[in-house]
Amino acid sequence: MTARVVVAAPSSGAGKTTVAVGLMAALRRSGHVVAGFKVGPDYIDPGFHAVATGRPGRNLDPMLSGEERVAPLFAHGCAGADIAVVEGVMGLYDGALGTEGFSSTAHVAKLLQAPVVLVVDASAAGRSVGAVVQGFVAFDTGVRIVGVILNKVGSDRHEAEVRAGVAPTGVPVLGVLRRDTRLTVPSRHLGLVPADEQREQASAAVDAAAELVRQGVDLEAFIAAARAAAPLDVVPWEPSAEVAPAEEGRPVIAMAGGPVFSFRYTETAELLTAAGADVVTFDPLHESLPEATSALYLGGGFPELHAEALSANVVLREQVAAEIAGGLPVVAECAGLLYLCRELDGHQLTGVLPAKAQMTSRLTLGYRTAVAASTTALFDEGRRVHGHEFHRTTVEFDSGVPAAWYLPGGQEGFARSQIHASYLHLHWTATPDVPARFVAAARIHAGLEK
C-alpha cells in the first residue's frame with residue numbers, strides 16, 4: 001500500500017496548505033510519484049495539489065461520499081504513486097457540527113490508518129507550543145501523531161525555545177519553516193484564488209513552498225514516517241464497478257471548465273466516462289458547446305467575478321438557452337445555477353431559469369441533508385442526499401417555480417424534467433446511479449436510445 005501521511009494543524013491558519021503543497025512538490029522534485037488529497041469538500045486546495053504533484057487533486061469526505069468509501073477512494077487516487085500526502089481541514093479534530101468530529105481530519109486519518117504530522121504556527125508562542133502538541137497527542141490516542149513541523153518561526157533563538165518546549169512530548173520535530181512572503185497567494189471571499197485562474201502565480205507559490213520545505217523539513221524522516229503507516233487492506237474504488245456503459249454509442253457530455261468553473265470533483269468525470277459518455281471540457285468564457293453535445297454539466301466556481309465576460313459570450317449564452325429549451329439534459333451546481341439565471345449582478349446570462357442572482361456579503365457554508373422535491377431525469381421524488389453549500393450569492397426565483405430540494409427551513413434550487421440546478425454540491429461516488437441516469441438522458445437526447 002502507498003506510503004501515506006496526513007498533514008494536520010491545531011486550527012485553520014496554521015499554514016498546513018503551504019506545508020502540504022510544499023511537501024508534495026518537494027517530494028515530486030526528489031523523484032517520488034505523489035498523490036495529493038484534501039480532507040473535506042474544499043475545491044481550491046486540490047487545484048494547488050495538482051500543480052504540485054502533476055496529478056489530479058482529490059477529496060476525501062466521509063459526509064459526502066460515506067465513510068465506507070474513503071479508504072477505497074484513497075486507494076484509487078493512489079494508483080501509480082509511491083507516497084500520498086493528505087491535507088487536513090480546519091483543526092485536527094474539527095468535523096461537522098454536533099457530530100463529535102465526523103468528517104474531521106482525525107476521522108479520515110483513522111479510516112486511512114495513516115500517521116499524522118502536525119503543523120503548528122509558532123509565530124506567537126515559545127515553549128507553550130509543547131503544551132499544544134501534548135494536548136493534541138492526548139486528546140485522542142487513536143490518532144497517531146508522529147511528528148511536528150514548526151511554521152512561521154522568527155529566528156534561531158525562537159526556534160531553540162520552541163524546540164525545548166516540544167522535546168518533553170517525545171514527538172519529533174520534522175521541520176522548521178521561517179516566515180516567507182513569497183508564499184502569499186491571492187485570496188478572495190471564498191478563500192484562495194483557484195490555481196486555474198492564476199497559473200503563473202500558483203506555480204510560483206508552489207515553487208516557493210517546495211524550496212521552503214526542502215530547506216526546512218527532514219524529507220527522509222517524513223518519508224520514513226509515511227512508510228511506517230499500518231497496512232491498509234482495501235479494494236480500490238473503481239468507477240467501472242459502480243456504473244455500466246451501454247453497448248453501443250457514446251454521447252458527448254460537455255463539462256464547463258476554465259477559470260470560472262473550476263470547482264468539481266475528479267471522480268465526476270471518471271463516473272460519467274465509465275457510464276459510457278465522452279466528457280469534453282470547454283471554457284464558457286471563450287468557447288461554444290463542443291460538437292455533438294448531448295448533455296451539459298455546469299459545476300462550481302466564481303461566476304460573480306466574471307459575470308461581464310460570461311455575458312459577453314453571447315454565442316454560448318444563446319446556444320445553451322436554445323439547446324436546453326430543445327431538451328438538452330443539464331446539471332448545474334452553484335456557479336452553474338447562477339449561469340442559468342436571467343442575470344447576475346445586472347449582467348445578462350442564459351435566462352434558462354426564471355430567476356436573477358446577485359452577490360451578497362453573507363457567506364452560506366455547510367453540509368446539508370436534502371430531499372428531492374420531485375422526480376426528474378436524475379432523482380426520484382423523496383430521494384435523500386448529503387451535499388455541501390459554499391457561496392456568497394443569492395438567487396431570487398419567480399413565484400411558483402418547481403424546487404430541486406427540500407432543505408430544513410425551506411426549498412432550494414430548480415428542477416424540471418431534464419433540468420436540475422441547485423446550490424448543492426454532491427459527491428457522485430455516494431450516488432453512482434445519478435451519473436448513470438445523466439448519461440442515459442444524454443443517450444436519449446443523442447438519439448442513441450428511445
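Hi everyone, let's start with helix H9 (residues 219–227), whose buried residues are Leu219, Phe222, Ile223, Ala225 and Ala226. Buried means under 20% relative accessible area and exposed over 50%, with a 1.4 Å probe and protein chains only; helices are DSSP runs of H or I with at least four residues, strands runs of E with at least two, numbered from the N terminus. Those five cover an arc of only 160° around the axis, taken from the directions to the C-beta atoms, so they sit on the same side of H9. The face turned away from them carries exposed Glu220 and Arg227. Asp218 caps the N-terminal end, with a side-chain oxygen 3.3 Å from the backbone nitrogen of Glu220.

A word on the source: this is a predicted model, where local features need pLDDT of at least 70, side-chain atom pairs count only at pLDDT 80 or more, and totals for chains, interfaces and linings use all residues. Residues are numbered from 1 along each chain as its sequence is written, and side-chain values use heavy atoms, leaving out hydrogens and water.

Now the rings. Phe, Tyr and Trp (its six-membered ring) pair if their centres lie within 6.5 Å; planes under 30 degrees apart are stacked, over 60 edge-to-face, the rest tilted. That gives eleven aromatic pairs. One is Phe261 with Tyr339, edge-to-face at 6.0 Å and 85°. Phe261 lies in the loop between S10 and H11 and Tyr339 in H14, so the pair ties together parts 78 residues apart in sequence. Both are buried. Tyr297 and Trp428 are also edge-to-face, at 5.6 Å and 80°.

Methods. A polar contact is a pair of N or O atoms within 3.5 Å; within protein, one must be able to donate a hydrogen and the other to accept it, and residues adjacent in sequence count only if both atoms are side-chain atoms.
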